[in-house]
Amino acid sequence: MVKSILFGGESGLSFVANAGLTLLRVFAGVAMAFAHGIGKLPPQEGLISRTESLGFPAPVVFAWAAGLSEFLGGIFLALGLFTRISSFFIAVTMLVALVGVHGSDPFNVQEKAFLFLFIALAFLLKGAGDWSLDSYLRKG
C-alpha cells in the first residue's frame, strides 16, 4: 500500500505515450522548480506577508510549504520520483495561487496557475509513466 502511494502509477504504456508523458513531466517540473519555486526559497517578507493576508495561521510555515512544493515538487516531478505526492502538493499550491492570489485577476493572468494545476492533477491521477524513477522503484 505504501509503495503504491509513493511510487504508484500505470505501467505498460506505449512508446509514444511514455514519450509524451515524459516530455510534459520533465518540462513542467523544471519550469515549476526554476521559474517559480527557486525564487521563493528561502521565503522573503513579501511572500510571507501575502501568505498571512490569505489567512494562513502560520504564514512562515506555509510560505516555506509553498516554496518547497514548487521547487522540490517540480524537481521530483521532473525526475518522476514521488510523482503523485509531489503533484498533490503542486496542485494544492496552484489552487491557492489561483483562488487566493489571482482570484480577481483576468484569465490571462490566471492561466499559468490553471495550467500547472491541471498538469499536476493529470500526474496525480496517472502517475509518472514507465520512464520514471517511480516505475523503477515500483518494480524493485
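**Note on pockets and ring pairs**

1. Start with the second largest pocket. Its lining consists of Ala65, Leu68, Ser69, Leu72, Gly73, Phe76, Phe82, Ile85, Ser86 and Phe89. H4 and H5 are the elements that give two or more residues to this lining. H4 has the largest share, with six residues. Please read this and what follows as a description of a predicted model.

2. The volume of the second largest pocket is about 160 Å³. Its lining has no charged residues. By class, seven of the lining residues are nonpolar and three are polar.

3. The largest pocket has a volume of about 610 Å³. Its lining counts 24 residues. Lys40, Ala66, Glu70, Thr93 and Ala97 are the ones that lie nearest the centre of this pocket.

4. Which helices supply the lining of the largest pocket? At least two residues each come from H3 (45–53), H4 (59–79), H5 (83–101) and H6 (107–126). H5 gives the largest share here, seven residues. For the second largest pocket, the largest share comes from H4.

5. The class make-up of the largest pocket's lining is 15 nonpolar, five polar and four charged residues.

6. Now the aromatic rings. The count comes to eight aromatic pairs. One of them is Phe56 with Phe62: the ring centres are 4.7 Å apart and the planes stand at 35°, so this pair is tilted. The cut-off for stacked is under 30 degrees. Phe56 is partly exposed, at 26% relative accessible area. Phe62 is partly exposed as well, at 33%.

7. Is the pair Phe114 and Phe118 stacked or tilted? It is stacked, because the planes meet at 20°, with the ring centres 6.3 Å apart. Pairing requires centres within 6.5 Å. Both residues sit in helix H6, four residues apart, about one turn of the helix.

8. Phe114 counts as partly exposed, with 28% relative accessibility. Phe118 is exposed, at 51% relative accessible area. The cut-off for exposed is over 50%.

9. Finally, ring pairs link Phe7, Phe76 and Phe82 into a cluster. Phe76 and Phe82 are also among the residues that line the second largest pocket.

Technical notes: Residues are numbered from 1 along each chain as its sequence is written. This is a predicted model: local features need pLDDT of at least 70, side-chain atom pairs count only at pLDDT 80 or more; totals for chains, interfaces and linings use all residues. Side-chain values use heavy atoms; hydrogens and water are left out. On a 1 Å grid over the protein atoms alone, a cavity is a set of points where a 1.4 Å probe fits but cannot get out, and a pocket is an open set with protein on both sides within 12 Å along at least five of seven lines; lining residues have an atom within 4 Å of a point. Grid points are joined across faces, edges and corners, and a volume is the space filled by probe spheres set on the points. Ala, Val, Leu, Ile, Met, Phe, Trp, Tyr, Cys and Pro count as nonpolar, Asp, Glu, Lys and Arg as charged, and the others, Gly among them, as polar. Rings of Phe, Tyr and Trp (its six-membered ring) pair if their centres lie within 6.5 Å; planes under 30 degrees apart count as stacked, over 60 as edge-to-face and the rest as tilted. Buried means under 20% relative accessible area, exposed over 50%, partly exposed in between (1.4 Å probe, protein chains only).
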